[in-house]
Amino acid sequence: MRILHIGYRLPPMPGGKERYIELLAREQMLRGHEVIVAHRRGDLPLGAQALPLIRTGASRAVSRKSDVIAFAMECARALRRARRVDVVHAHGDHREALGLGSAARRLGIPLVIHVHGALTVRHRRIMPWAFRHADGFIVSGDRPQGDLLAAGIPDRRMRIVPSGLSLDHLARFRENHPVEPGLIVSVGSLVGVKNHALTIQAFHRLRAVRPDARLVIAGDGPERARLERLARTGSGIEFAGHLPADGVYSLVSRAQVVVHASHRLPTVGEGIPTAPLEALALGTAVIVSSDASLGTAVADGSAYRVFRSGSVDDLVTHLRVVLDDEALCLRMIERGVRAVSDLDWRVVSGRIGEWYETLIADRPPLAPASAS
């Protein structure tokens with residue numbers, strides 16, 4: 001199968017979606033598929049082919065309002081010139097759908113829109129029209145699924161697929177890094193949706209009763225200066241900056257607990273965040289906010305703990321329970337490793353491939369061109 005991935009950003013640009021595209025493309029190539037990738041920023045996955053893009057007067061004009069839509073328009077133009085493509089897998093939302101939908105429909109190529117997080121509430125009215133040419137959707141969690149349902153997309157056109165995990169690779173870190181008591185880790189870009197500020201506030205309260213506790217925040221972004229000022233109102237907090245994947249795995253595998261405090265904002269929200277899934281596979285206890293939905297990926301609710309999104313008090317309570325109850329922590333670790341054992345990239349890639357096949361089979365044939 002010849003697969004075209006459309007992703008505005010790729011690694012080394014930070015972000016879970018960026019890493020997802022790279023790892024899915026790698027796994028699909030290992031399965032014998034031919035993978036083409038169109039991107040604006042970052043590096044092409046090793047072994048993938050690039051879809052050459054050309055800036056046009058129209059895309060330059062549109063980019064002043066939305067470079068994501070301009071990028072999608074350039075991808076649509078390049079798609080018309082490309083050699084045979086069996087499926088277009090666009091990682092984004094209504095903006096990619098707007099730019100790509102008509103071209104994919106005219107060429108008879110199934111278009112899959114992969115919604116990795118919650119949809120903005122600001123453009124809800126135009127979404128049914130923007131998505132009209134999409135054949136199917138992949139959603140990372142029940143939150144983007146709910147947003148698509150609210151936009152009029154029927155459930156039969158969606159598949160919920162969480163991020164894949166490199167389980168064999170993660171197991172090596174789990175087995176070779178001893179846990180450091182009192183070490184709390186938070187992983188994610190330093191942006192508002194990750195809500196690191198709440199984690200810092202909870203940690204300051206925790207230190208009053210657990211002076212041995214340490215918090216390490218791995219990630220970088222525009223909120224770093226503000227978060228560092230907040231951290232300086234107490235002690236015990238370290239900002240590790242952006243780390244390579246293995247650096248994150250090493251840090252998380254040494255932690256006693258990982259906190260993921262993300263919350264939904266009007267324009268952005270998470271689907272199934274990858275960082276806590278990887279933490280479970282690494283054998284680390286996990287506490288997530290109620291806005292970080294793991295439920296569709298992790299069936300065993302006892303494998304991790306959930307605090308009320310936005311509640312410092314509730315997060316402190318859960319932290320104290322996990323840090324103080326060794327038997328509970330060990331049970332969480334055991335159940336967490338088992339709960340993500342079916343999320344290996346080989347399995348996840350297979351589920352996505354099956355969805356491609358369904359959409360290709362259901363695609364109506366192109367009407368014959370009319371005689372001139």
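This is a predicted model: local features need pLDDT of at least 70, side-chain atom pairs count only at pLDDT 80 or more; totals for chains, interfaces and linings use all residues.

Student: Is His-89 buried or exposed?

Tutor: His-89 is found in strand S4, which covers residues 87–91. Burial requires a relative accessible area under 20%. Because the relative accessibility of His-89 is 0%, the residue counts as buried.

Student: Which side chain is joined to that of His-89 by a polar contact of 2.5 Å?

Tutor: Two polar contacts of the His-89 side chain may be considered. One, of 2.9 Å, joins it to the side chain of His-114. The other, of 2.5 Å, joins it to the side chain of Tyr-356.

Student: Which element gives the most residues to the largest nonpolar core?

Tutor: This core has 34 residues, and those with the most contacts inside it are Ile-6, Ile-113 and Leu-148. Several elements each supply at least two of its residues, among them strand S1 (2–6), S4 and helix H4 (94–107). The greatest contribution, seven residues, comes from H3.

Student: How many residues does the other core have?

Tutor: Another core lies apart from the largest one, and its members include Leu-167, Val-187, Val-248 and Val-288. Its number of residues is 32.

Student: Is Ile-217 buried or exposed?

Tutor: Ile-217 is found in strand S10 (residues 214–218). Beyond its neighbours within four places in sequence, its contacts include Ser-186, His-196, Ile-237 and Phe-239. Since a residue under 20% relative accessible area is classed as buried, and Ile-217 has 0% relative accessibility, Ile-217 therefore counts as buried.

Student: What distance separates the C-alpha atoms of Ile-217 and Leu-170?

Tutor: Along the chain, these two residues are 47 residues apart.

Student: Which helix provides the largest share of the lining of the second largest pocket?

Tutor: This pocket has a volume of about 280 Å³. It is lined by 16 residues, and the closest to its centre are Val-179, Gly-283, Cys-329, Leu-330 and Ile-333. The largest share, five residues, comes from the helix spanning residues 326–339, namely H13.

Student: How many residues of that lining are charged?

Tutor: The lining of the second largest pocket can be sorted by class. Nine of its residues are nonpolar and five are polar, while the number of charged residues is two.

Technical notes:
Residues are numbered from 1 along each chain as its sequence is written. Side-chain values use heavy atoms; hydrogens and water are left out. On a 1 Å grid over the protein atoms alone, a cavity is a set of points where a 1.4 Å probe fits but cannot get out, and a pocket is an open set with protein on both sides within 12 Å along at least five of seven lines; lining residues have an atom within 4 Å of a point. Grid points are joined across faces, edges and corners, and a volume is the space filled by probe spheres set on the points. Helices (H or I, at least four residues) and strands (E, at least two) are DSSP runs, numbered from the N terminus. Ala, Val, Leu, Ile, Met, Phe, Trp, Tyr, Cys and Pro count as nonpolar, Asp, Glu, Lys and Arg as charged, and the others, Gly among them, as polar. Buried means under 20% relative accessible area, exposed over 50%, partly exposed in between (1.4 Å probe, protein chains only). Contact means heavy atoms within 4.5 Å. A polar contact is a pair of N or O atoms within 3.5 Å; within protein, one must be able to donate a hydrogen and the other to accept it, and residues adjacent in sequence count only if both atoms are side-chain atoms. A nonpolar core is a set of buried Ala, Val, Leu, Ile, Met, Phe, Trp, Tyr and Cys residues joined through side-chain atoms within 4.5 Å.
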